[in-house]
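I am opening my notebook to a new chain today. Come along while I look things up one at a time.

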Amino acid sequence: MNIDVERLKEEGELDLAETVSLPRIAQEVVDVESLDDVNVRLHAAYHHPYVLVRGELETVVHYVCARCLAEFARPLSAPIDERYTTDEKKAEDEVRFVGDETVDVTPELEQAIFLAIDNRPLCKETCRGLCPVCGRDRNVEACDCDVRPIDPRLEALRGLLSERDSE
């Protein structure tokens with residue numbers, strides 16, 4: 001998504017609304033299966049030599065649950081608040097130099113989504129996950145697997161115990 005700096009200088013302020021596709025999010029984040037198109041609403045203002053951009057983005061993120069691996073979708077909204085400069089001498093860590101032609105806000109949109117997505121997405125808070133022994137989805141059906149942890153120092157003795165009666 002681009003902002004025309006020359007037009008912004010002439011008008012002083014611009015309101016922009018656009019729907020963009022950001023496929024890199026799903027490629028970079030393991031728990032994100034896909035991302036719907038992103039609805040972006042921005043307000044840009046020019047205050048010599050700065051371009052101030054504020055707005056909001058909204059989309060739906062299709063996740064893979066971190067516990068049970070089921071796919072689910074959740075809406076996401078994130079704010080955008082960025083500053084750019086047309087004067088190279090005014091550029092800093094938080095103020096990027098953009099020149100006089102256009103401002104491409106796509107990297108900032110991606111960054112806002114990266115910061116807003118769930119780090120460990122769960123389909124629901126009470127998700128029971130997969131059984132570590134048989135792999136069944138414990139949300140769907142229970143299993144009788146013994147999942148008690150065994151002290152690693154005693155693991156070698158496990159083979160000495162059997163299910164049949166001792167003599």
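Where does threonine 126 lie? I found threonine 126 in the segment after α3 (106–116). My note on the labels: helices (H or I, at least four residues) and strands (E, at least two) are DSSP runs, numbered from the N terminus.

Before going on, I wrote down the ground rules. This is a predicted model, where local features need pLDDT of at least 70, side-chain atom pairs count only at pLDDT 80 or more, and totals for chains, interfaces and linings use all residues. Residues are numbered from 1 along each chain as its sequence is written, and side-chain values use heavy atoms, with hydrogens and water left out.

**Entry: threonine 126**

Is threonine 126 buried or exposed? Threonine 126 counts as exposed because its relative accessibility is 61%. The cut-offs I use are under 20% relative accessible area for buried, over 50% for exposed, and partly exposed in between (1.4 Å probe, protein chains only). I also looked up histidine 48: from threonine 126 it is 78 residues apart in sequence and 52 Å apart in space, C-alpha to C-alpha.

**Entry: cysteines**

How many disulfides does a search of the whole structure find? The search finds zero. A disulfide is a covalent bond between the sulfur atoms of two cysteines, and the test here is a pair of cysteine sulfur atoms within 2.5 Å. Cysteine 143 is in no disulfide either, with the nearest cysteine sulfur, that of cysteine 131, 3.5 Å away. I also checked the cover of cysteine 127, which counts as buried at 5% relative accessibility.

**Entry: salt bridges**

Side chains of opposite charge can pair when their charged atoms come close. A salt bridge here is a side-chain nitrogen of Lys or Arg within 4 Å of a carboxyl oxygen of Asp or Glu. I found nine salt bridges in the structure, and I followed up some of them.

- Arginine 7 pairs with glutamate 11, with the closest N and O atoms 3.2 Å apart. Both residues lie in helix α1 (residues 5–11), four residues apart, which is about one turn of the helix. Arginine 7 is partly exposed at 39%, and glutamate 11 is partly exposed at 48%.
- Glutamate 58 pairs with arginine 41, with the closest N and O atoms 3.8 Å apart. This pair links distant parts of the chain, 17 residues apart: glutamate 58 is in strand β5 (residues 50–64) and arginine 41 in strand β4 (residues 38–47). Glutamate 58 is partly exposed at 34%, and arginine 41 is partly exposed at 42%.
- Arginine 153 pairs with aspartate 151, with the closest N and O atoms 2.5 Å apart. Arginine 153 is exposed at 71%, whereas aspartate 151 is partly exposed at 29%.
- Arg24, Glu28 and Glu110 are linked in a network of salt bridges.

**Entry: a nonpolar patch**

Which residues form a nonpolar patch on the surface? I listed Ile150, Leu154, Leu157 and Leu160, with about 390 Å² of accessible area together. Patch residues have over 30% relative accessible area and no salt bridge; like charges are joined within 9 Å, nonpolar side chains (Val, Leu, Ile, Met, Phe, Trp, Tyr) within 5 Å. Areas come from the Shrake-Rupley method with a 1.4 Å probe, and for residues only the protein chains shown count as cover. Leucine 154 sits in the segment after α3 and counts as partly exposed at 47% relative accessibility.

**Entry: rings**

The structure holds one aromatic pair. The rings of tyrosine 63 and phenylalanine 72 have centres 5.5 Å apart and planes at 25°, so they are stacked. Rings of Phe, Tyr and Trp (its six-membered ring) pair if their centres lie within 6.5 Å; planes under 30 degrees apart count as stacked, over 60 as edge-to-face and the rest as tilted. Tyrosine 63 and phenylalanine 72 are both buried.

**Entry: backbone**

Most residues other than glycine have a negative phi, and most peptide bonds are trans. I found a cis peptide bond from histidine 48 to proline 49, with omega near -5°. Proline 49 is in the loop between β4 and β5. Leucine 69 has a positive phi, near 65°, and is found in the loop between β5 and β6 (71–85).
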